[in-house]
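Please walk through the fold of this protein with its sequence and model at hand.

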Amino acid sequence: MLRQSFIHLPRVGKVTEGEIWDAGIGDWGDFLGAAELPSRIRGKRVHLRELVEQSTERYEASDAAYFNELLPARERWRLYADYRARAAFVDIETTGLSPERGIITLIGVLDAQGYTAYVYDENLADFREAIEQYDLVVTFNGAAFDLPYIEHHFGSIFRNVAHIDLRFPLRRAGYSGGLKSIEQQAKVGRPSELSVLSGYDAVLLWRMWQRGSEGARDTLIRYNAEDVASLPALAEIAYNKLAARLPAEVCNLSATHRHDIELPYEMDVIEHLTRVKSGTGLVT
């Protein structure tokens, strides 16, 4: 999809991009070899040719961050097909909403090899080096929460990667609400007993863990893993739906292998949290 895109070029919006496609110019190679360009951009031919050549070079160098800066924010979903093989699906757990007053208890990362948990006071510092191996970071609501929170504690570690926040392309594709609601709408789900947990429960699980509950530790990590496990499927759904609306021939994106999450969790811990929230139990 990215090599078919022209909307990252200066003064090329959706209308002009559509005219380029209508002229039979389907990708950057066609653009560079075209004898005629649409009248709207004919006078910019030399300059745009240079930029398309530069785009080709940056693409061959796997410079996703370059395109992340040039693409309009609402069009960054186009990066997904080209960079999903080196994507990190990321979700964090914290002790509160404010990075100034809270800490990151856990960063969960799902990639082509599987799930890794980076845990406070264990291996959390390793996340800084780990993120360098990826071209693309995919989150849900990460632009407002996860990435600013992480960078408050780690510094500007995402400057060399692209980012897709699925909350926005999913909304454009017709899915609204929180992650669990969208999972249900899209029929991409998690075990029902884990679906009752929330971000508030993640804070309570951390407190229980700090008091020595290994069951709470296992359950928090599994809860986080389930949050990232659905992101690849949701990214494919959003990509395919939005690509189908474009006046261009875009290949449908096939589903990737879904990693089964087999990490343990404790039903006793979940039931205890249910009692806590109903006012009939105490966090222990």
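Asp-111 has Gly-114 in β3 as its bridge partner. The two residues belong to a hairpin that joins β2 to β3 through 2 residues. Strand β2 covers residues 104–111 and strand β3 covers residues 114–119; the two pair in the antiparallel sense over 6 bridges. Strands are DSSP runs of E with at least two residues, helices are runs of H or I with at least four, and both are numbered from the N terminus. Two strands are said to pair if DSSP finds at least two bridges between them.

The model is a predicted one, in which local features need pLDDT of at least 70 and side-chain atom pairs count only at pLDDT 80 or more, whereas totals for chains, interfaces and linings use all residues. Residues are numbered from 1 along each chain as its sequence is written, and side-chain values use heavy atoms, with hydrogens and water left out.

How many residues of β2 are buried? Strand β2 is mostly covered, with 8 of its 8 residues buried. Buried means under 20% relative accessible area, exposed means over 50%, and partly exposed lies in between (1.4 Å probe, protein chains only). β2 also pairs with strand β1 (residues 87–94), in the antiparallel sense and over 6 bridges. Within that pairing, Val-90 stands opposite Val-109 in β2. Strand β1 pairs in the parallel sense with strand β4 (residues 136–139), over 3 bridges. Here Phe-89 has Val-138 in β4 as its bridge partner.

Contact here means heavy atoms within 4.5 Å. Axes are lines fitted to C-alpha atoms, for helices over the stretch in contact, and angles run from 0 to 180 degrees between N-to-C directions.

Helix α12 (residues 231–244) also packs with helix α9 (residues 179–186), at an angle of about 65 degrees and with the axes 11 Å apart. In this contact Leu-179, Ile-182, Glu-183 and Ala-186 of α9 meet Leu-231, Leu-234 and Ile-237 of α12. By class, the contact has 6 nonpolar, no polar and 1 charged residues. For this count, Ala, Val, Leu, Ile, Met, Phe, Trp, Tyr, Cys and Pro are nonpolar, Asp, Glu, Lys and Arg are charged, and the others, Gly among them, are polar.

Leaving aside residues up to four places away in sequence, Phe-67 touches Leu-2, His-8, Trp-28, Ser-55, Arg-58, Tyr-59, Leu-79 and Tyr-83.

Several loop residues complete the picture. Asp-121 lies in the loop between β3 and α6 (127–130), and its phi is near 65 degrees, a positive value in a residue other than glycine. Asp-121 is exposed, with a relative accessible area of 69%. Ser-62, in the loop between α3 (45–60) and α4 (64–70), likewise has a positive phi, near 55 degrees. Ser-62 is partly exposed, at a relative accessible area of 37%. Glu-266 is found in the loop between α12 and α13 (267–278) and counts as partly exposed at 35% relative accessibility. The C-alpha atoms of Glu-266 and Arg-58 are separated by 47 Å, and the two residues are 208 residues apart along the chain.

Taken as a whole, the protein has 13 helices and 5 strands. Of its 284 residues, 50% count as buried. The C-alpha atoms fill a box of roughly 75 × 35 × 30 Å, taken along the principal axes.
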